[in-house]
Amino acid sequence: MSTLCIRGGLVVDPQQGADSVRDLFVQDGRIVAPLPAVDEEIDATGCVVMAGGIDMHTHIGGGKVNLARLLLPEDHRNTPARPPSALELASCGSCTPGTLLTGYRYVEMGYTAAFEPAMMAANARHAHMEMGDTPILDHGAYVMLGNDELLLEMLARGEDFERIRDYTGWTINAAKAMGVKVVNPAGISAFKFNQRKLDVDEAHVHWQVTPRQVLQTLARALRELGVPHPLHVHGSNLGVAGNIESTLQTIQALEGLPAHLTHIQFHAYGNDGPKKFSSAALQLAEAVNAHPNISIDVGQIMFGQTVTASGDTMRQHAQSGFASPRKWIGADYEAEAGCGIVPFRYREQSYVNALQWAIGLEIFLLVKDPWRVVLTTDHPNGGPFTSYPHLIRLLMDRTFRNEQLAKLHPDVAANAALRSITRELSLNEIAIMTRAAPARLLGLRDRGHLGIGGAADVVIYRNATDREAMFTTPEHVFKDGTLVARHGRITATPVGGTHFVEPDYDRGIEKRLRKHFAEHGQVNFDHVAIGHDELCRCCNGGRLLPAACFEGQAT
Amino acid sequence: MAHGLRPTVLMSDLSVATRPWTCPFCPLLCDDFGVEAGADGALSLVGSACPRAGAALGRFSSPASAATPALQGQLCDLDTAITAAARLLAASRQPLFGGLGTDVAGARALYALACATGAICDAAQGQPLMQGVRALQDRGGFSTTLAELRTRADLVLCFGGLPTARHPEFLNRAGLAVDDPRLLVLAEGEGDDLFDAAARLAALIEGRAAAGAPAALAAAAQRLQAARYAVLVYETSRLGRNGALVIEMLQRVVATLNRSTRAATLALGGGDGAATVNQVFTWLSGLPLRSRLGPQGLEHEPLVFDAGRLCADGAVDLLLWVASFGTEAPPPPPNTLPRIVLGHPSLAGVAGTDADVFIPVATPGIGSDGHLFRTDGAVLMPLHPVRPETLPTVAEVLRRLSAALAVVSA
């Protein structure tokens with residue numbers, strides 16, 4: 001296979017240490033030690049070289065994403081037609097583009113992997129199909145637990161923790177997931193019983209189980225199963241003024257167990273001030289700084305039209321009155337989960353939206369350890385992923401940030417703490433938040449860095465003072481050593497691989513599951529688990545990339 | 001017809017099969033009964049008396065079909081048929097892909113061919129499918145799934161009548177006996193009158209005056225308001241020309257109920273590949289069926305791109321008809337259009353004789369594996385072959401057709 005040298009670029013590779021100008025060698029899709037001669041050389045003088053970007057929380061595939069596409073033909077019709085390319089199939093949309101366009105757009109921006117955070121076990125085949133039809137990008141998904149009838153029933157009956165742990169392990173294996181996400185712990189189920197709100201220590205009206213119990217149980221189960229990515233938590237009371245209380249209680253409920261709190265911006269609201277809605281970014285940042293077991297992604301909001309697609313039926317129903325345009329979709333799923341799709345337009349002149357924008361940026365800038373902060377907009381919920389370059393500029397350029405702040409609702413522009421924050425993120429910190437940290441948090445050992453033996457997912461950016469332009473259109477993007485984009489144009493469309501984990505568990509649990517599935521009229525138990533061959537077909541023949549589990553730790 | 005409640009049968013209790021079978025012949029996609037191939041190769045149901053599945057299985061010859069492709073009624077080999085089909089596609093200025101009776105793999109292959117040819121795509125049951133899509137596009141909605149209904153519903157309102165004629169296993173799947181007190185059948189109105197019934201029900205639920213509302217409707221409204229978790233079930237093919245408006249009204253009922261209690265809809269429809277191809281096209285392109293890749297990019301016309309209408313208006317000059325299940329509605333009546341049919345072998349005698357190109361294909365769930373979306377759209381079911389097959393799958397034929405088209409067009 002061919003060899004390549006990327007010569008003279010500023011290599012920004014936080015896992016390997018400080019930024020340095022050096023040559024990077026690639027052979028057979030891997031980063032290798034310097035070679036005496038190469039087939040191809042790229043002059044990267046004046047360029048910045050990074051590993052491929054990894055988006056660890058982006059709604060790119062599965063039932064609710066496709067419902068969002070169905071709901072908004074107007075968004076899709078209005079996408080500018082792309083110039084024809086023999087390599088690309090037609091695909092459109094801006095908030096929730098077709099899978100084909102999603103793959104092309106991510107790759108053109110220098111991203112080489114993306115993870116769907118909210119896969120329903122019952123919908124896992126569908127999610128893998130869509131991800132398999134997202135070209136070039138490697139992908140994986142977190143399966144949702146914590147609102148399924150079985151887990152709540154097991155907790156309510158006080159069944160042994162080990163049984164729940166085995167059920168968790170079985171579910172991850174069956175759905176071919178990369179981790180587990182809990183969404184509004186017990187709250188989606190509670191909404192099916194007509195409960196409209198659930199605080200961290202409030203009991204589910206039917207099962208009498210609290211979110212705190214669900215969080216502790218799942219976080220501990222993943223720890224004992226040795227799953228690299230800790231529990232992915234979409235907390236209670238999303239979007240509610242004053243929800244910082246719930247968020248701090250969630251952190252406390254985890255009792256030091258590792259967890260990743262996702263789209264934390266939506267969970268960092270106070271209820272101070274005349275409008276009873278205020279930033280709690282400082283409180284949140286202090287809590288994250290004080291709890292090394294916690295990592296976060298931000299879920300920054302960006303102004304403009306988008307659609308919020310969430311598993312949190314309880315909260316989405318509550319927010320559905322704000323839908324713009326005025327339509328929304330909700331669903332209850334298979335005694336297991338739910339979803340809510342609410343289109344939304346974030347407006348600069350809205351006090352609430354302007355403050356949400358400021359809160360997200362404050363979180364980015366106030367949390368000290370960049371290895372525990374991941375750059376996301378919770379695509380498409382805070383804004384489409386295509387806005388990442390703009391977000392990067394906001395974080396790296398204080399002058400630009402304050403200019404944008406000045407355009408917003410006057411009360412926010414005048415009073416936001418953001419105005420006095422002087423921190424500007426470095427290229428190294430951006431590289432951490434967009435590739436190195438997500439790789440580490442997911443347990444991807446050969447991704448997110450450019451060390452010897454790493455996968456040759458490499459991006460070459462022209463170093464420019466306008467960081468938005470720089471990160472919008474890299475010069476070259478390589479996926480496993482293959483040039484896949486050049487100057488924002490797709491040059492090859494290999495099928496991406498599927499990341500998943502296969503933790504060990506006691507198969508004795510399967511008898512119990514078989515009975516439960518039959519009683520609830522779910523699919524035949526023998527149909528639930530996805531085997532390797534079927535996963536490969538779902539994912540369009542892409543490579544299977546099982547990640548290693550660590551030695552499970554009893555807690 | 002009355003269907004009693006069948007006790008749950010675990011697959012481990014069935015001696016006939018070690019692997020579950022998924023019935024591909026209606027959108028319930030039942031996987032709790034099986035199919036058995038007799039010594040003569042004939043297929044029969046085991047563990048169910050579903051007449052719809054039984055009739056569909058009866059369309060399969062025994063032993064497995066050795067049908068061959070045909071060119072204007074004359075038997076030919078597959079290569080010849082594919083080359084002829086590619087020439088027709090290359091010469092077409094506006095092809096129509098209809099039927100769409102296939103699975104996810106077939107739909108993936110079909111999308112690539114649709115992009116290459118600028119074809120308009122519409123399912124055999126395009127009207128009910130698009131009524132649901134349009135209601136969603138205009139107003140959204142709140143839906144539920146089979147297992148959720150079975151687990152939670154304390155009231156199941158079958159709007160427009162009991163759905164068991166077209167979906168014989170529905171009550172079994174819902175966990176309801178035909179005389180279950182949770183079951184409420186509202187047969188007010190037929191066809192276009194269903195809109196009046198739905199609108200009056202919505203008015204009653206909202207506490208508005210509903211002049212002339214029959215007593216049964218008023219009683220139904222009261223029961224809906226008293227229920228803790230009500231499910232409104234309707235069959236998409238039964239709603240008439242104003243189906244999208246009927247669905248909107250039913251969604252209004254649900255939305256109003258959800259302010260104070262819990263409710264959701266469950267639509268029965270989208271079988272024969274229609275909902276599956278719609279899902280796949282939506283995720284690949286961003287737009288549902290009744291779309292095409294035109295000179296200005298992707299175009300979506302839920303009313304104009306109606307297959308029957310396009311054929312009647314002479315707005316298309318070639319029909320590629322895909323019907324691998326054998327249960328699809330028949331193609332538009334033959335006229336001057338050249339036709340390429342990828343179909344169940346039994347179509348050779350029906351649609352095949354006057355087709356320019358007929359290519360018999362395997363049926364997912366009988367001769368090949370595959371995946372189909374269940375009626376609630378939440379679950380993508382795996383299908384398994386029940387006997388060896390010599391016929392190619394729709395996906396294989398379409399991939400070869402795409403390759404042949406590239407050669408012919410070059």
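Colleague: What does I363(A) touch, leaving out residues up to four places away in sequence?

Modeller: This is a predicted model. In it, I363(A) touches I264(A), Q265(A), A268(A), A281(A), L284(A), I296(A) and V298(A). I363(A) is also one of the residues that touch the most other members of the largest nonpolar core, which has 292 residues. Others in that group include W170(A), F364(A) and F170(B).

Colleague: Why is N184(A) called buried?

Modeller: The cut-off is under 20% relative accessible area. N184(A) has 1%, so it counts as buried. N184(A) sits in the loop between strand 9 (179-183) and helix 7 (187-192) of chain A. Beyond four places in sequence, its contacts include N147(A), H234(A), D312(A) and R315(A).

Colleague: What makes E334(A) and R374(B) a salt bridge?

Modeller: Their closest N and O atoms are 2.7 Å apart. The limit is 4 Å, so the pair qualifies. The count between chain B and chain A is six salt bridges. There are also 40 residue pairs in polar contact between these chains, both residues at pLDDT 80 or more.

Colleague: Which elements of chain B give two or more residues to the side that touches chain A?

Modeller: Among them are helix 3 (104-117), helix 4 (126-139), helix 10 (274-285) and strand 17 (370-373) of chain B. By class, that side has 27 nonpolar, 24 polar and 12 charged residues.

Colleague: How many residues does each chain bring, and what area is buried?

Modeller: Chain B brings 63 residues and chain A 57. The buried area is about 4800 Å². Carbon and sulfur atoms give 55% of that area.

Notes:
Residues are numbered from 1 along each chain as its sequence is written. Chains are lettered from A and ligands numbered from 1 in the order in which they are written. This is a predicted model: local features need pLDDT of at least 70, side-chain atom pairs count only at pLDDT 80 or more; totals for chains, interfaces and linings use all residues. Side-chain values use heavy atoms; hydrogens and water are left out. A nonpolar core is a set of buried Ala, Val, Leu, Ile, Met, Phe, Trp, Tyr and Cys residues joined through side-chain atoms within 4.5 Å. Buried means under 20% relative accessible area, exposed over 50%, partly exposed in between (1.4 Å probe, protein chains only). Contact means heavy atoms within 4.5 Å. Buried area is the accessible area (1.4 Å probe) that two parts lose on being put together, summed over both. A salt bridge is a side-chain nitrogen of Lys or Arg within 4 Å of a carboxyl oxygen of Asp or Glu. A polar contact is a pair of N or O atoms within 3.5 Å; within protein, one must be able to donate a hydrogen and the other to accept it, and residues adjacent in sequence count only if both atoms are side-chain atoms. Helices (H or I, at least four residues) and strands (E, at least two) are DSSP runs, numbered from the N terminus. Ala, Val, Leu, Ile, Met, Phe, Trp, Tyr, Cys and Pro count as nonpolar, Asp, Glu, Lys and Arg as charged, and the others, Gly among them, as polar.
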